[in-house]
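User: Please examine the model below with me, taking one question at a time.

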Amino acid sequence: MGHPEPSISSPRELKLRMLEVGVCGTDRDLCAFSYGTAPPGCDHFILGHESLAEVVDTGGGVTALRAGDLVVAIVRRPCDDPACAPCRAGRQDFCATGRYRERGIQDMHGFMTEYVIEEEERSVHLVPRDLRGVAVLIEPLTIAEKAFLEFRAIDARLPWRKDRRTAVVLGAGPVGLLGAMLFRAAGFDTWVYSRSPAPNPKAAIAEAIGARYVSSLEVPPREFAGAAGNTDVVYEAMGAARTAFDVLQCLGANGVFIFTGVPSRGQPLSLDLHRLLLHLVMRNQVIVGTVNAGPDAFEAAIRDLAAFHTRWPHALASLITGRYPMSSFREAIHDAGIKNLIEV
Ligand SMILES: [Zn+2]
Ligand SMILES: [Zn+2]
């Protein structure tokens, strides 16, 4: 690809051979130049942020990893502002300056290349060998895991025993369906609310994990709200502001609404703010937005992916709908499917 093979230049570095890179809506947006920036001084930009790699070489200061280990790399790297407390604490997913770098998204080349040098052990997480076939789903799963950790932190305010609880997942893309698996695994009655009418492959995955799938084209948000009953948590992974705020109306008492989708810009929308505020106050509701993921979410994603792999091997594998060679990058990005991969 005209990109020279890199080599290790400091004891803390690791050299990775990329195995697979997942593509998602972010990559489509980057290809449409909606956002994203190449590293300063670069006339090209390597995409790819959902990765799976094998360690091929390590610097002398690397202790916990060795050649042959499977790893998934984190996406976001800290900003260099000494006053940014989140970044200085290793929690750049909460960066307060916005000057972080992201692999394949902002100011840093991504993973759609044969070899990558990682700066340090902290930039990668070890993946068990038996997850080789599905491990590229770890990065998208971290989005759901961080949302779930946020939910757990907020939910800790309710000190009583909670038995039957209801989660609504908005959107049946990979981040939505992986989130649905997470809520199902945690024992929630789980609804997946998405556009396409069933039957379709996404609905089949939702049903295979014991979630109920409802099409927004067949059941409008207000009707859906009645069907799902008192909703304890809505996990939004759709990026569609209108549907999200319509479903917000159905959030139950003490409910938490978690936004993860980056909305595409559209016409300004009108909202019944009086009703929204009334519900927020009178029902003790919380609305929270979350982006990216911390090391705790990566560790949880690796653990939970292994659990999904045991419990729902077929449904999990069906999330991966296409494997393409690097030369078919365009098809991988634009072809329909749930999660398409580039095999490097
Ligand atoms: Zn992505
Ligand atoms: Zn920062």
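**Surface, metal site and strands**

User: What is the relative accessibility of Leu-278?
Analyst: In this predicted model, Leu-278 counts as partly exposed, a class between buried (under 20% relative accessible area) and exposed (over 50%; 1.4 Å probe, protein chains only). The relative accessibility of Leu-278 is 43%.

User: Which element holds Leu-278, and which residues make the nonpolar surface patch?
Analyst: Leu-278 lies in helix 8, residues 273–282 (a DSSP run, H or I, of at least four residues; strands are E, at least two). The patch covers about 330 Å²; members have over 30% relative accessible area and no salt bridge, with nonpolar side chains joined within 5 Å. The patch is made by Leu-278, Val-281 and Met-282.

User: Which residues coordinate the zinc ion (ligand 1)?
Analyst: The donors (N, O and S atoms within 2.8 Å; water is absent, so sites may look incomplete) lie at 2.0 to 2.2 Å from the zinc ion. Along the chain they follow the spacing C-x24-H-E. The coordinating atoms are SG of Cys-24, NE2 of His-49 and OE of Glu-50.

User: Are His-49 and Glu-50 buried or exposed?
Analyst: His-49 has a relative accessible area of 4%. For Glu-50 the value is 3%. Because these values are under 20%, His-49 and Glu-50 are both classed as buried.

User: Which residues cover the two faces of strand 3?
Analyst: Strand 3 spans residues 70–73, and both its faces are covered by buried residues. On one side are Leu-70 and Val-72, and on the other Val-71 and Ala-73.

User: Which residues stand opposite Val-71 in strand 2 and strand 8?
Analyst: Strand 2 (residues 50–58) runs antiparallel to strand 3 and is joined to it by 2 bridges; strands pair if DSSP finds at least two. Strand 8 (residues 124–127) is also antiparallel to strand 3, with 4 bridges.

User: How are residues and ligands numbered, and which atoms do side-chain values use?
Analyst: Residues are numbered from 1 along each chain as its sequence is written, while chains are lettered from A and ligands numbered from 1 in the order of writing. Local features need pLDDT of at least 70, side-chain atom pairs count only at pLDDT 80 or more, and totals for chains, interfaces and linings use all residues; hydrogens and water are left out, and side-chain values use heavy atoms.

Methods. Donors are N, O and S atoms within 2.8 Å of the metal (3.2 Å for Na, K and Ca); water is not among the atoms, so sites may look incomplete. Patches are made of residues with over 30% relative accessible area and no salt bridge: like charges are joined within 9 Å, nonpolar side chains (Val, Leu, Ile, Met, Phe, Trp, Tyr) within 5 Å. Accessible areas come from the Shrake-Rupley method with a 1.4 Å probe; for residues, only the protein chains shown count as cover. A salt bridge is a side-chain nitrogen of Lys or Arg within 4 Å of a carboxyl oxygen of Asp or Glu.
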